[in-house]
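Colleague: Could you take me through the salt bridges in this one? I'd like a close look at which residues pair up and where they sit.

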Amino acid sequence: MDRAPGVSVRLKLTLSYAGFLMLAGVLLLTAVWVFLLRYVPNRAMLINPDDRPTGVFPIRSALLDVFAPRAAAVLAFLLLFGLLGGWVLAGRMLAPLTRITDATRRATSGSLSHRVRLPGRRDEFRELADAFDAMLARLEAHVAEQRRFAANASHELRTPLAVSKALLDVARADPHHDTRELIDRLHAVNTRAIGLTEALLLLSRADQRSFVREPVDLSLVAEEATETLLPLAEKHGVTVEACGEVAPTTGSQALLLQLTTNLVHNAIVHNLPRQGTVRVRTAVRPGTVVLTVENSGEHVTPELAESLAEPFQRGTERIHGDHAGVGLGLAIVRTIAHAHDGTLTLAPRPAGGLRVTVELPRLAPDASPAPSAGVCTGRSAPTQGRTSPPAGPGAAMG
């Protein structure tokens with residue numbers, strides 16, 4: 001909002017310095033009067049001639065005649081010195097604030113790459129400048145991520161629309177073309193577009209934290225997600241094991257279920273072509289609860305593992321089929337984890353595959369949900385003659 005122009009802070013500080021200096025001078029002169037001059041007699045004293053006095057004995061009126069003009073001159077000097085010195089000191093003290101103000105104006109105009117980088121020892125202005133630099137860095141990273149996400153989302157949405165247009169153009173050019181095949185292909189493309197749109201909406205909802213927090217047992221959520229995806233695991237020939245402790249936390253039951261479902265789904269789909277395994281674990285640590293999902297697969301580099309949580313990033317191979325993802329699974333997981341004040345960690349397993357760890361704040365014991373009947377439960381998709389998974393090619397989670 002627009003405000004009327006006022007007195008600058010530098011002028012206010014200057015007047016304050018000069019005012020305090022004048023006040024100190026007045027108090028000093030008053031102390032001289034109260035504790036010294038008031039005890040000087042105001043009339044001449046009679047002195048015995050035999051005492052032989054030396055020097056001159058002043059009286060109060062004479063001292064006041066000499067003291068008052070010089071006191072006024074001292075006060076005038078203090079006023080001038082206070083104004084000049086206060087102006088210089090205020091300028092030096094406010095110089096860091098001027099640099100921060102200039103940086104703020106540049107940020108307002110859209111430039112986020114600059115930093116204050118205030119030199120000197122750590123004081124209040126240095127802490128303010130460092131906090132401002134950290135804010136600019138986070139804003140720059142957030143804006144860059146949003147731009148990259150918007151560009152990727154536009155590209156991903158444009159692909160099914162372009163395919164639909166091409167299919168319709170082919171059907172228009174050839175009226176005798178098999179409409180059943182056309183409808184099937186359009187249905188598949190439309191389903192993918194709807195899935196991508198719903199993933200984007202879920203990502204936006206989780207990022208805005210527009211949900212009601214309630215007590216949630218993460219072990220029950222993991223068990224529900226595992227049971228839901230057992231048919232998919234059987235189809236891919238993957239063994240799924242779910243086991244863990246009661247893990248009380250707080251948040252959205254639906255979003256945490258989506259988080260767990262995405263992790264287990266990715267672990268099943270991006271796995272060994274045969275005899276793959278997925279292990280889902282929940283654990284309790286001091287102050288936090290942990291959900292860990294591990295899957296077998298090919299060896300993944302740490303650099304690739306760190307990049308998989310970025311939107312529209314996929315592993316070494318893009319999975320085709322009914323359960324192909326849109327590249328937002330782990331991005332949604334990371335957003336949901338951050339919305340619940342948690343962290344997401346992706347690390348390659350020495351034997352191949354990934355270990356994904358989600359750490360969330362632990363709910364206080366007095367507010368924890370009722371514990372489940374079983375502390376550790378196992379769920380699997382059994383197959384005949386199942387042995388330990390052999391080494392072989394597979395797709396990383398993405």
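Modeller: The count of salt bridges comes to 10 in this predicted model. Let's start with Glu 241 and Arg 279, whose side chains meet at 3.8 Å, N to O. Glu 241 belongs to strand β2 (residues 238–244) and Arg 279 to strand β4 (residues 276–285), so this pair ties together parts that are 38 residues apart in sequence. Glu 241 has 32% relative accessibility, so it counts as partly exposed, and Arg 279, at 28%, counts as partly exposed too.

Strand β4 also holds Arg 285, which pairs with Glu 359 in strand β7 (residues 354–361), 74 residues away. Arg 285 is partly exposed at 40% relative accessibility, and so is Glu 359, with a relative accessible area of 24%.

Then have a look at Glu 294 and Arg 349, where the closest N and O atoms are 3.0 Å apart. Here Glu 294 sits in strand β5 (residues 288–295), while Arg 349 is in the loop between β6 (343–348) and β7, so to speak 55 residues down the chain. Both of these residues are buried, meaning under 20% relative accessible area.

One more thing, back at Glu 241: shared partners join Glu 241, Arg 279 and Arg 281 into one salt-bridge network.

Of the contacts with a separation of 6 or more, 76% are between residues 24 or more positions apart.

Technical notes: Residues numbered from 1 in each chain as written. Predicted model: local features only at pLDDT ≥ 70, side-chain atom pairs only at ≥ 80, totals over all residues. Heavy atoms only, no water. Contact = heavy atoms within 4.5 Å. Salt bridge = Lys/Arg side-chain N within 4 Å of Asp/Glu carboxyl O. Helix = DSSP H or I, 4+ residues; strand = E, 2+ residues; numbered from the N terminus. Buried < 20%, exposed > 50% of the residue type's maximum accessible area, 1.4 Å probe, protein only.
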